[in-house]
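Thank you all for coming. I would like to walk you through one structure this morning, starting with a single chain and ending with the place where two chains meet.

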Amino acid sequence: MTAVQVPTLKSVAARIRSHVVDMCAGPEGGHLGGAFSCVEVLTALYFSVLNVDPRRPDDPARDRFLLSKGHAAVGLYATLAERGFFPVEELAGYGRPGSRLMGHPVRAVPGVELPTGSLGHGLALACGFALATRYEGRDSRSFVLLGDGELQEGSVWEAAIAAATLRLDRLVAVVDRNGLQLTGATERIAPMEPLADRWRGFGWAVREVDGHDASQVADHLAAAPWEPGRPSVLIARTVKGHGLPFLAGRASSHYVTLSKRNHARAMGALQATDTA
Amino acid sequence: MSRATREAYRDCLLPLLNGHPDLICLDTDTGLFNAEYAVAAGEQYLNLGIAEHNLMGIAAGMAACGRVPFVNTMAAFATSRALEAVKIDIAYNRLPVRIMATHGGLAAGHLGPTHQALEDLAVFRVLPGMTVVVPADAAATEAFVEQSLDVPGPLYVRLGRKPSPPLPASPPPVIGKAQTLRQGGDVVLACCGPYPVLACLTAADVLAVHGIEATVLNLHTLRPFDAEALVAAARPATLVVTVEEHWCNGGLGGAVAEAVAEAAPTRVLRLGVPDRFVDVVGSQEHLVAHYELTAERVVRTVRTALDTAARSGTTDRKDTT
């Protein structure tokens, strides 16, 4: 697809954030912080990088994307709706009886390849996508978005070894490096730095980027593979809850049910950012 | 001729791979497939290393893209270490991954409880959409691998390690259908796996000498479970005895008890490995004998139960001696 212009990427990201705020003001609330930290990554993927067609979500030649940090489902749903996989109005049903929008992504939602939610599954699944695609002789790519807390799951590194061994250079991982997990800083709970060196040590090509610059994220992802024969990982430096001053950078943004007052506050903050 | 079911699987898979380019064999360095095999299978064989969760995840990802992976690990690791990937990535998505699990039951023998799988049938048979089979010999293994081409969702196949004897001439085994190896009206001997089935067949011969006629049902498919055939056999009988290489709870005995309790008021007695970890050393045959998964025990169990029933007047049978 044609790359979308930078101002448009910004406005798409703003719309996604406002949908997430609405969903998190619903009866069940949602994983706002980790959804907000990856909004620009999702925007870059769906509005610039991925070869996907909402009218043909099962096209065998499509690029595949998995949200391995499945708890950011609200961000994915908003992105898929904005991209045209299903009507934006359907987002209002999130978490409510009769809706297909569960708290973690399910296959019933158009555009969702496989369900995720239990951490540490996505990278192996994406390896399977990339391997099968290679057997088919296609050059489509497989993308997977991992949380940084998720990297504490050993299965991630099993898959990292396999991807490098199998030389899956059509596989691209993005790590949403927001530095926070449910109860606090990842570096306090289970330090991962030097994170780039860890991935390099596992045989991956590594780049780092400001994860809130959708244009830069898109440029890096579009250029992958960066090294022939190696899978690529983009470490996106992000802020949990980015865009909401009263939640940004706080572990408490992990799961939020917004009161009417805080919903208004959040919308106000987003509009202020949008017009800044 | 005695033959290991895992070797029967390996040998019959190769021509199947050659004939079906969508099939792929994914290994975790189990040692079942040597370098020659890998050459013969070409790019349809991949050794992914010792990482069972990863194995199931990659297999699920490939299956979601239209491949049909045969994945190889030991039953113990498929059941517990890799279970979350089996449940969420494979079963939840109804993907056609074939989990070929060696060292089932007591087949790991002297290798001990880390390698024995005495819970696998209980675990796999509760997973929605999973097909679970236990071939009793090499011929049944070949039949099930061939029939797997028509199984739309995931499949778990419990295999052995060392050679086990073939069953005597019997009707062809069909996934999902109880295999009636002998018919008799007094008791039902329900079993699965090489040694339990052979024990039941021998026991039925001995019981016949004592005037007790036994139906022997090889319930090789635990899911979908052929409750209809079981209940039809159990309803007129006085007793059902189950025999399996599995902890007593949750496996074949559990499946039989559930089905019979709901539809046929016939007593069920379950014979399996006692409810504790194996603490003796020896071969599979030694352990099978140690835990008395034998014809002698089946005969004793049936005769004791029928005697007790006769004494208490709960059966019309007057002479069980």
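Before I give you a figure on contacts, let me say that two residues are in contact if their C-beta atoms, placed from the backbone, lie within 7 Å. Please keep in mind throughout that what you see is a predicted model. In chain A, of the contacts with a separation of 6 or more, 76% are between residues 24 or more positions apart.

Chain A has ten helices and seven strands, and its radius of gyration is 17 Å, close to the 19 Å that the globule rule gives for 276 residues, so chain A is as compact as a globular protein of that length. Of those 276 residues, 54% count as buried.

Turning to chain B, seven strands form an open sheet of mixed pairing, in the order β2-β1-β3-β4-β6-β5-β10. The edges are held by β2 (45-47) and β10 (221-223) of chain B, each with a single partner strand, so one side of each is left without a neighbour in the sheet. For β10(B), strand β5 of chain B runs antiparallel to it and is joined to it by two bridges, with B:Val133 standing opposite B:Thr221.

Across β1 (23-27) and β3 (68-74) of chain B lies α3(B), running at about 170 degrees to β3(B).

And where do the chains meet? In this model, 21 residues of chain B are in contact with 21 residues of chain A. On the side of chain B that touches chain A, the largest share, nine residues, comes from α3(B), and the residues of that side divide into eleven nonpolar, seven polar and three charged.

Conventions:
Residues numbered from 1 in each chain as written. Chains lettered and ligands numbered in written order. Predicted model: local features only at pLDDT ≥ 70, side-chain atom pairs only at ≥ 80, totals over all residues. Helix = DSSP H or I, 4+ residues; strand = E, 2+ residues; numbered from the N terminus. Nonpolar A, V, L, I, M, F, W, Y, C, P; charged D, E, K, R; others polar. Rg over C-alpha atoms; globule rule 2.2 N^0.38 Å. Buried ≥ 20, exposed ≤ 12 C-beta atoms within 10 Å, placed from the backbone. Pairing = 2+ DSSP bridges. Axes fitted to C-alpha atoms, helices over the stretch in contact; angles between N-to-C directions.
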